[in-house]
Amino acid sequence: MIGKSNSAVLMFHYVQPKTDRILPQLNCCSLEQFRMILDWLQERFTLPNPHVCLDHIASYGVLPRGSSLLTFDDDTQDHWQWVYPELSKRNLSGIFFVSTAPLAARGLLKVHKAHILYGSLGYDKFFENFKKSFLKNNGNAAVFNDHNAENAYPYDTRQIAGFKYAINFKINSDEVESIFDDLLCSIKDVNLISNNYYLTQENIKEMKENGMVFGFHGHSHKAFSTLPEKTLLDELRMSKNFFLDTIGEIPNCISYPFGDINCVRNEQLVSIRDFGVKVGFLAEENSSKNPMKTSRVDCLELMELTN
């Protein structure tokens with residue numbers, strides 16, 4: 001809990017103005033709330049250069065005392081449009097974790113197809129439509145009731161947590177994506193949305209030149225724990241090559257896709273370190289001081305504190 005802590009790594013995904021949302025039901029931090037969070041943090045914490053924070057975590061397993069680190073997952077266009085200018089205006093920086101596949105070859109990641117669907121339909125309607133198609137294909141409804149779901153998605157209802165866990169960890173990825181593609185056909189302006197969803201290489205280059213830091217987030221945003229060793233190495237290699245081509249360096253940090261404690265296996269950490277990674281971030285809080293399993297606080301908690 002950040003209110004009781006002397007340091008914290010903060011995690012953000014979408015940051016958008018209240019009045020500028022193509023996907024009205026998308027769960028995100030408003031730009032107005034983001035500014036309030038930054039005000040709140042700057043009154044209570046130091047926000048050192050991310051490289052200073054990474055070095056300290058790599059050496060001691062924790063942030064410098066009294067500090068906070070801002071992190072942003074998924075390389076969405078709002079990070080360029082809204083987050084980067086706000087940080088620059090305050091002379092702040094953050095780490096932006098990039099899944100490189102949609103930037104190297106245009107197209108939507110499975111996770112963002114899901115976001116477009118729930119952002120348009122709402123989670124209840126999205127779940128209802130997905131489940132109907134899944135059961136029609138002889139799927140087993142029990143897959144939506146895995147006991148790990150609520151730990152992985154603590155801010156969601158039991159039903160939505162079970163749905164998220166099933167589509168991200170339990171159901172065959174190709175089957176999930178096939179159902180998503182069918183459902184997307186009914187979404188208005190889906191091509192316009194998808195064509196402007198991600199950062200561009202030019203965005204990343206400018207952000208890097210002006211002090212922003214970048215990190216790995218998987219090439220195709222698949223849970224590492226589900227991948228054979230060769231596939232994991234291919235994912236890391238493709239991301240490494242993208243970063244070398246775009247910013248001329250290899251990141252030394254990673255945010256594991258999906259981010260719960262089960263998303264990466266301990267034996268995989270050796271391979272990840274071999275790519276030069278010295279700090280790995282989860283999307284949940286834990287008591288570990290292992291630099292490769294650094295915990296983060298969701299911005300939702302900050303939104304509650306600053307209201």
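Buried here means under 20% relative accessible area, exposed means over 50%, and partly exposed lies in between, with a 1.4 Å probe and protein chains only. This is a predicted model, in which local features need pLDDT of at least 70, side-chain atom pairs count only at pLDDT 80 or more, and totals for chains, interfaces and linings use all residues. Residues are numbered from 1 along each chain as its sequence is written, and side-chain values use heavy atoms, leaving out hydrogens and water.

View 1. Helices (H or I, at least four residues) and strands (E, at least two) are DSSP runs, numbered from the N terminus. In α12, the buried residues are L232, E235, L236, S239, F242, F243, T246 and I247. They fall within an arc of 120° seen down the axis, so they line one face of the helix; the arc is taken from the directions from the helix axis to the C-beta atoms. K230 and D245 are exposed on the other side of α12.

View 2. Look just after α12 for G248, which takes a positive phi of about 75°.

**View 3. Helices around the largest pocket.** α5 (110-121), α8 (158-170) and α14 (299-306) each supply at least two residues of the lining of the largest pocket. The largest share, five residues, comes from α5.
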